[in-house]
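Reader: I am new to this structure and would like to go through it with you. Could you show it to me, please?

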Amino acid sequence: MEPQRVERDRDATGRARNARPRDGLGRPLPHGLTGVPTTPDDLVLPPGEALREAERLLAAGRPFHAHEVLEGAWKACDDDTRELWKGLAQLAAGVTHLRRGNEIGAVRLLGRAGERISAYAPIGPHEIPVAALTTWTDELIAMIGREPIPEAMLAPKLTPGV
């Protein structure tokens, strides 16, 4: 019996694309179902706008989509804040794992995020509340698997403000 050939969704360079619909946490759904709109792969926002959009998405319970926005900023970054953006993307990915029930993955990603982000505390680029985010990651990690996580705890502030 000959193996069945599976058509893959690829872009012009051969990179995999996933045209399947996704749920609110970014998990692929079967073809034919209606999913939640996703972030375009090529979306790159200015830093302040990326932070506000990611914060809005986190507050709306859509950390996967916040991760996509922050990943776009990270990959487009060409200065010394690249590791900060990577840490912010990992932060949102950690919340995604937590919302999906993957506590081990959440702890690992949030730990990496906290380490990356904390290095920027003396600088605070783009008015990001770095010290508060580092404290938030430590507190969230300490709660995982030990006590219920309040919903508000899953939407950290990425921008200055009340």
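Reader: To begin, how exposed is Arg-56?

Author: Arg-56 is partly exposed, as its relative accessible area is 45%. Here buried means under 20% relative accessible area, exposed means over 50%, and partly exposed lies in between, with a 1.4 Å probe and protein chains only. This is a predicted model, in which local features need pLDDT of at least 70 and side-chain atom pairs count only at pLDDT 80 or more, while totals for chains, interfaces and linings use all residues. Residues are numbered from 1 along each chain as its sequence is written, and side-chain values use heavy atoms, with hydrogens and water left out.

Reader: With which residue does Arg-56 form a salt bridge?

Author: Its partner is Glu-53, and the closest N and O atoms are 2.7 Å apart. A salt bridge is a side-chain nitrogen of Lys or Arg within 4 Å of a carboxyl oxygen of Asp or Glu. Glu-53 is partly exposed, with a relative accessible area of 24%.

Reader: Why are Arg-56 and Glu-53 separated by about one helical turn?

Author: Because they are three residues apart in helix H1, which covers residues 47-59. An α-helix has 3.6 residues a turn, so residues three or four places apart point the same way. Helices are DSSP runs of H or I with at least four residues, strands are runs of E with at least two, and both are numbered from the N terminus.

Reader: How many salt bridges are found in the whole structure?

Author: The search finds five. One of them joins the side chains of Lys-157 and Glu-55, at 3.3 Å from N to O. That pair links distant parts of the chain, since Lys-157 is in the segment after H5 and Glu-55 is in helix H1, 102 residues apart.

Reader: Are those two buried or exposed, or partly exposed?

Author: Lys-157 counts as partly exposed at 38% relative accessibility, whereas Glu-55 counts as buried at 14%.

Reader: Which residue does Glu-71 meet in a salt bridge?

Author: The side chain of Glu-71 meets that of Lys-75, at 3.7 Å from N to O. Both residues lie in helix H2 (residues 63-76), four residues apart, which is about one turn of the helix. Glu-71 is buried, with a relative accessible area of 18%.

Reader: How many residues of H2 are buried?

Author: H2 is mostly covered, with 12 of its 14 residues buried. Among them are Phe-64, Val-69, Leu-70 and Trp-74. The cover over the buried residues of H2 includes H1 and helix H3 (82-99).

Reader: And what should the 14 residues of H2 span?

Author: At 1.5 Å a residue they should span 20 Å, and the end C-alpha atoms of H2 are 20 Å apart, which agrees. The expected span is 1.5 Å times one less than the number of residues in the helix.

Reader: Let us change topic. At what angle do the axes of H4 and H5 cross?

Author: They cross at roughly 155° and come within 9 Å. The axes are lines fitted to C-alpha atoms, for helices over the stretch in contact, and angles run from 0 to 180 degrees between N-to-C directions. H4 and H5 are therefore roughly antiparallel to each other; angles over 145 degrees count as roughly antiparallel, under 35 as roughly parallel, 65 to 115 as roughly perpendicular and the rest as oblique.

Reader: Which residues meet there?

Author: From H4 they include Val-107, Leu-110 and Gly-114, and from H5 they include Leu-133, Trp-136 and Thr-137.

Reader: What else is Thr-137 in contact with?

Author: Leaving aside neighbours within four places in sequence, Thr-137 is in contact with Leu-91, Leu-110 and Gly-114, where contact means heavy atoms within 4.5 Å. Thr-137 lies in helix H5 (residues 130-143) and counts as buried at 1% relative accessibility.
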